[in-house]
Amino acid sequence: MPGNVEEGRGEEAVNQEQKFYENSNESRERRDDFFKWVPVFWVLGSVFFLYFVYVFFHCIPLLQPDEEDIVDIAVQQRAQVELMAINFFTLMILLCYAMAIVMHPGGIPENDPRWHYDYNEIQPVNLHERKKTGDRRHCKWCGKYKPDRCHHCRACGICILKMDHHCPWLYNCVGFGNYKPFVLVLVYAMFDCHLIVWTMARSVTDALTNVHTPITTMFTLLFAETVAVFYCILITLFLGFHIWLINQNMTTIEFCEKVLPKDGAKTNYEASLYSVGIWQNCTSVLGSNPFCWLLPFCPPEGDGCNYTKSPVAGDLYPKDPYGTYGYDSPRSSFAQLNADEYPSYKGLEENTPAYGGSIQPPARMFPPMGYHSGSAGYGDEEDSRPSDVASVS
Ligand SMILES: [Zn+2]
Ligand SMILES: [Zn+2]
């Protein structure tokens with residue numbers, strides 16, 4: 001129990017811990033820092049700048065409002081469609097962006113006793129992520145046990161459910177509660193940038209080739225086009241990465257843990273522990289109704305604390321006679337039996353304390369899958385602490 005952790009620890013360790021608490025409080029106070037909003041203003045400034053140039057330097061001239069006699073209808077209609085598209089995309093970006101900033105990324109529920117330190121685990125909590133000792137992961141800053149996929153964010157000062165990353169461009173964490181609007185910001189921003197890049201290119205070339213074009217118009221169009229190309233590449237790549245993550249049912253933190261594992265473990269590019277098929281992986285982020293996938297409403301089902309394990313991962317742990325997976329069931333010799341079949345499981349038994357048929361989960365179940373009890377960074381400070389609870393009995 002973490003409550004017993006304090007006993008028997010050196011003074012130095014306690015002092016270091018105190019320092020961490022102070023740092024944590026310091027970061028909470030910084031939440032009101034005006035300069036933390038600068039990236040948000042930058043994003044809004046970019047959106048409005050590109051909107052302004054596209055509308056006033058590209059669409060409106062193509063509408064030919066000053067032409068009284070000869071009007072190119074085809075060009076005019078194209079400009080009308082593009083004007084509607086830019087208005088729609090900009091509106092959706094602003095809506096999703098506001099929601100991603102305002103919505104809570106998800107914290108550990110206060111009223112759920114399973115996450116309280118005084119919870120007696122007679123009724124085992126169904127967790128897939130535990131410490132190497134088999135103890136439950138917990139956060140000393142928040143004073144709670146952590147659900148699966150939950151990590152402490154040092155910038156926000158709280159534990160975030162299914163934490164993806166702390167996003168300075170949102171001045172918020174991206175987690176279970178706001179991942180969908182975050183992804184939709186990228187989706188609409190990508191559409192917006194592609195629209196600008198490909199359709200405004202002709203206005204830019206016209207401005208560059210026409211000697212009568214004012215220099216300010218030429219410069220503004222060229223600058224906006226360059227900015228749009230830059231954002232277009234960045235956002236398309238970033239969105240592609242997140243679409244891949246969604247298909248894998250993985251968070252950015254989990255991706256980093258797999259690709260940059262600690263403890264000298266090998267990089268693991270296999271599917272996520274929580275991957276349950278492309279359809280369910282998508283619905284777990286975008287919601288169960290596909291007609292609402294592109295709307296920042298209809299959040300995914302679930303409480304952010306409980307996750308279905310991948311059936312592939314289940315196959316790696318054959319069912320025991322009690323009909324449950326190896327995690328929460330009395331240990332059998334499965335791991336030993338499968339050690340040769342799954343080479344990565346070698347060493348599983350010798351690192352596992354003798355549970356003697358207790359209900360505690362076996363240790364080191366997850367390193368073979370590329371999982372660790374803590375995180376490789378991204379604000380989860382638990383494992384970076386000098387007095388890791390791994391030392392607690
Ligand atoms: Zn925490
Ligand atoms: Zn955060």
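Okay, so α4 and α5 run roughly antiparallel to each other in this one. This is a predicted model, by the way, so keep that in mind as we go. Two packed helices are described by the angle between their axes and the distance between the axes. Here, α4 covers residues 179-209 and α5 covers residues 215-248, and they pack at an angle of about 150°, with the axes 8 Å apart. That angle is over 145, which is why I'm calling the pair roughly antiparallel. The crossing of α4 past α5 is left-handed. And what sits in the contact between them, by class? You get 23 nonpolar residues, 5 polar and 1 charged.

Let me step back for a second. The whole protein has 9 helices and 6 strands. Of its 393 residues, 35% are buried. If you take contacts between residues at least 6 apart in sequence, 67% of those join residues at least 24 apart.

In soluble globular proteins, nonpolar side chains tend to be buried together. The largest nonpolar core in this model has 55 residues, and the ones touching the most other members are Tyr54, Ile93, Cys96, Ile160, Val185, Tyr188 and Ala189. Several elements give two or more residues to this core, including α2 (38-63), α3 (73-102), β4 and β6 (172-174). So which element gives the largest share? That's α4 again, with 16 residues.

Most residues other than glycine have a negative phi, and most peptide bonds are trans. There are two residues I'd like you to look at with that in mind. Arg149, in the loop between β2 (144-145) and β3, has a positive phi of about 65° without being a glycine. Is Arg149 buried or exposed? Buried, because it has 25 C-beta neighbours inside 10 Å. Then there's Lys162, in the loop between β4 and β5 (165-167), where phi is positive too, near 40°, and again the residue isn't glycine. Lys162 has 27 other C-beta atoms within 10 Å, so Lys162 is buried.

And one more arginine while we're here. Arg154 is in the loop between β3 (151-153) and β4 (158-160). Arg154 counts as buried because it has 20 C-beta neighbours inside 10 Å, and 20 or more is the cut-off. Its C-alpha is 9.0 Å from that of His166, which is 12 residues away along the chain.

Note on methods
Residues are numbered from 1 along each chain as its sequence is written. Chains are lettered from A and ligands numbered from 1 in the order in which they are written. This is a predicted model: local features need pLDDT of at least 70, side-chain atom pairs count only at pLDDT 80 or more; totals for chains, interfaces and linings use all residues. Helices (H or I, at least four residues) and strands (E, at least two) are DSSP runs, numbered from the N terminus. A residue is buried if 20 or more other C-beta atoms lie within 10 Å of its own, exposed if 12 or fewer, and partly exposed in between; C-beta atoms are placed from the backbone. Two residues are in contact if their C-beta atoms, placed from the backbone, lie within 7 Å. Axes are lines fitted to C-alpha atoms, for helices over the stretch in contact, and angles run from 0 to 180 degrees between N-to-C directions. Angles under 35 degrees count as roughly parallel, over 145 as roughly antiparallel, 65 to 115 as roughly perpendicular and the rest as oblique. A crossing is left-handed if the near helix is turned anticlockwise from the far one by less than a right angle, and right-handed if clockwise. Ala, Val, Leu, Ile, Met, Phe, Trp, Tyr, Cys and Pro count as nonpolar, Asp, Glu, Lys and Arg as charged, and the others, Gly among them, as polar. A nonpolar core is a set of buried Ala, Val, Leu, Ile, Met, Phe, Trp, Tyr and Cys residues joined through C-beta atoms within 7 Å.
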